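Here is a short briefing on one protein chain. Please read it alongside the sequence and the structure.

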Amino acid sequence: MKSILFILLLCVLVPLTSCNKEEAPCEDSTSTVDQNKTTRKVLIIGIDGFRADALTPTSAPFLSSFSQDPFTYFTRQNQVEYHTLSGPNWTTLLTGVHWEKHLVVDNFFSFYDETNYPPFFYYIENAQASINTVSICHWLPINSRVVKEYADYSPLNLINDSAVYADGLAIIDQTSNIAGDVIFLAFDDLDHNGHLYGFHDTIPEYRQAVTTMSFYTEGLVNAVETRRSLGEDWMIFIVSDHGGEGRGHTGMPDVPSVRQTIFFANHPSASFRSNYISSQTDLAPTILSFLGIQIAAFDCKKDGVSLID
């Protein structure tokens, strides 16, 4: 009964979502793939609970430098979802639609409309199955509730951040038995320290976690640079699900330190949108655009835009 009442409430409050029966369905199955782009590679580094003002030259030397790279799109004002939890925001990042459509409002994913709004891995695999997709997550609900079998490799074994880093590095370096062309790595220790000690750069435990993430990111980006030097065409993203205030972030849609977070996109020759503030919905469209994949159904449903001009 609670599920039915919740869905009916969404239909009343959000008439322009998929609940609206008058909305034209996105049934066009047309897809096109630019075969000149199918060998491209993507690395997405997801960092849970990154408060944007904690990114400083002292706490995060590499990330600070990378944000100033002329080939990098960067903002500290990336807009997170109204529901400032991990579940809604990772779902939005992976699907390219806001919570009003995918219906995830908590960390239980109880109402997730997976049928209509699958993660971007689904579209990649259906358009070009030869692309090897990988999702390795410290916080397992990302894989168990959203990514599922849509990626070629999405393990459900318990691992920590250091293992996510090591596994990701080995895949990029091609020293792993897992092949990865589109690689999503999700880290969780920063959020964990924020909840235990507080989300702020002045708090030693949180600041140290930021420094560790800067170190991990540097190693991963350097590995990609090595692959680029061998002629591979990589795009790098660094994203987060939300910021934090005090020891939390739940139910804080009006708090800038929670509602705004970081977003990086890096490529040596891509032209990114200028004077544009990204949102969580922009990740998936940018990935598909970079890979040369255009799918009518996704374009009909998506709320975000590609950051590539």
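**Fold and disulfide briefing**

Among contacts (heavy atoms within 4.5 Å) between residues at least 6 apart in sequence, 71% join residues at least 24 apart. This is a predicted model, in which local features need pLDDT of at least 70, side-chain atom pairs count only at pLDDT 80 or more, and totals for chains, interfaces and linings use all residues. Residues are numbered from 1 along each chain as its sequence is written, and side-chain values use heavy atoms, with hydrogens and water left out.

**Overall build**
- The chain has twelve helices and eight strands, taken as DSSP runs (helices: H or I, at least four residues; strands: E, at least two) numbered from the N terminus.
- The C-alpha atoms fill a box of roughly 50 × 50 × 40 Å along the principal axes.

**Burial**
- Of the 309 residues, 57% are buried (under 20% relative accessible area; exposed is over 50%, partly exposed in between; 1.4 Å probe, protein chains only).
- Helix H5 (residues 120–127) is mostly covered, with six of its eight residues buried.
- Among them are Phe 120, Phe 121 and Tyr 123.
- Cys 137 is buried, at 1% relative accessibility.

**Disulfide**
- There is one disulfide, defined as a pair of cysteine sulfur atoms within 2.5 Å.
- It joins Cys 26 to Cys 300, S to S 1.9 Å.
- Cys 26 lies in the loop between helix H1 (2–13) and strand S1 (31–33) and Cys 300 in helix H12 (residues 296–301), so the pair ties together parts 274 residues apart in sequence.
- The S-S torsion is about -65°, so the disulfide is left-handed.
- Cys 300 is partly exposed, at 41% relative accessibility.
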